[in-house]
Amino acid sequence: MASNNSNTSLRSVLEKNKLSGTNFLDWARNLRIVLKQEKKLYVLENPIPNKPANNAPRVDKDAYSKHKDDSNDVTSLMLATMESELQKKFEEVEAYEMIKQLKEMFQEQAR
């Protein structure tokens, strides 16, 4: 239960400072802090792997499922902490691709 409370309090930092476009670097830094604490940072660094074949080992299927579920969580968090215009633009984009596109959009800030 304690870790859930710390997740909520860390996430509140993102909710208070929604991505508006002018604050990309701060928002991205806070996002990485939250995801590192939640052990989901890998979602921004690695795309969801291809779905394993039906006869693939259970461990491969479980890893794929976890990555897909974590990506969904991170995608939702990212969208929830953006202003509405950015939400509309990215509502159908997975977290890994979204962070890549955001970095391109705000590359001047990212330098």
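Let me start with a definition: helices (H or I, at least four residues) and strands (E, at least two) are DSSP runs, numbered from the N terminus. With that in hand, Lys 39 sits in the loop between H2 and H3. This is a predicted model, where local features need pLDDT of at least 70, side-chain atom pairs count only at pLDDT 80 or more, and totals for chains, interfaces and linings use all residues. Residues are numbered from 1 along each chain as its sequence is written, and side-chain values use heavy atoms, with hydrogens and water left out.

First, the overview. The protein has 7 helices and 0 strands. Along the sequence the pattern reads α-α-α-α-α-α-α. Now burial. Buried means under 20% relative accessible area, exposed means over 50%, and partly exposed is in between, with a 1.4 Å probe and protein chains only. Of the 111 residues, 34% count as buried. Next, contacts. Contact means heavy atoms within 4.5 Å. Take the contacts between residues at least 6 apart in sequence: 54% of them join residues at least 24 apart.

Back to Lys 39. Its phi is positive, about 60°, although Lys 39 is not a glycine. Buried or exposed? Lys 39 counts as exposed because its relative accessibility is 67%.

On to the core. A nonpolar core is a set of buried Ala, Val, Leu, Ile, Met, Phe, Trp, Tyr and Cys residues joined through side-chain atoms within 4.5 Å. The general background: in soluble globular proteins, nonpolar side chains tend to be buried together. Here, the largest nonpolar core has 24 residues. Trp 27, Leu 31, Leu 44, Met 78, Met 82 and Leu 102 have the most contacts inside it. Which elements give two or more residues to this core? They are helix H2 (24-37), helix H3 (42-45), H4, helix H5 (84-90) and H6. H2 gives the most, with 6 residues.

Leu 102 is then in contact with Leu 19, Phe 24, Trp 27, Met 78, Met 82 and Phe 90.

Now a helix pair. Helix H4 covers residues 58-80 and helix H6 covers residues 95-105. They pack at an angle of about 40°, with axes 8 Å apart. The axes are lines fitted to C-alpha atoms, for helices over the stretch in contact, and angles run from 0 to 180 degrees between N-to-C directions. Under 35 degrees counts as roughly parallel, over 145 as roughly antiparallel, 65 to 115 as roughly perpendicular, and the rest as oblique. So H4 is oblique to H6.

Which residues meet there? From H4 come Ser 71, Val 74, Thr 75, Met 78 and Leu 79; from H6 come Ala 95, Met 98, Ile 99 and Leu 102. By class, that is 7 nonpolar, 2 polar and no charged residues. For the classes, Ala, Val, Leu, Ile, Met, Phe, Trp, Tyr, Cys and Pro count as nonpolar, Asp, Glu, Lys and Arg as charged, and the others, Gly among them, as polar.

Stay on Thr 75, in helix H4. Thr 75 is buried, at 8% relative accessible area. Its side chain reaches the backbone oxygen of Ser 71 at 2.7 Å. Leaving aside neighbours within four places in sequence, Thr 75 is in contact with Val 93, Glu 94, Ala 95 and Met 98.

Next, Thr 81, in the loop between H4 and H5. Thr 81 is buried as well, with a relative accessible area of 0%. What does its side chain reach at 3.2 Å? The backbone oxygen of Met 78. Not counting residues up to four places away in sequence, Thr 81 touches Leu 14, Glu 15, Lys 18, Leu 19 and Trp 27.

Back into helix H4 for Asp 70. This residue is buried, with a relative accessible area of 7%. Its side chain joins that of Tyr 42 in a polar contact of 2.6 Å. A polar contact is a pair of N or O atoms within 3.5 Å; within protein, one must be able to donate a hydrogen and the other to accept it, and residues adjacent in sequence count only if both atoms are side-chain atoms. Beyond its neighbours within four places in sequence, Asp 70 is in contact with Lys 40, Tyr 42 and Val 43. Asp 70 and Val 43 are 27 residues apart in sequence, yet 7.0 Å apart C-alpha to C-alpha.

Last stop, Asn 46, in the loop between H3 and H4. Asn 46 counts as partly exposed, at 38% relative accessibility. Leaving aside neighbours within four places in sequence, Asn 46 is in contact with His 67 and Tyr 96.
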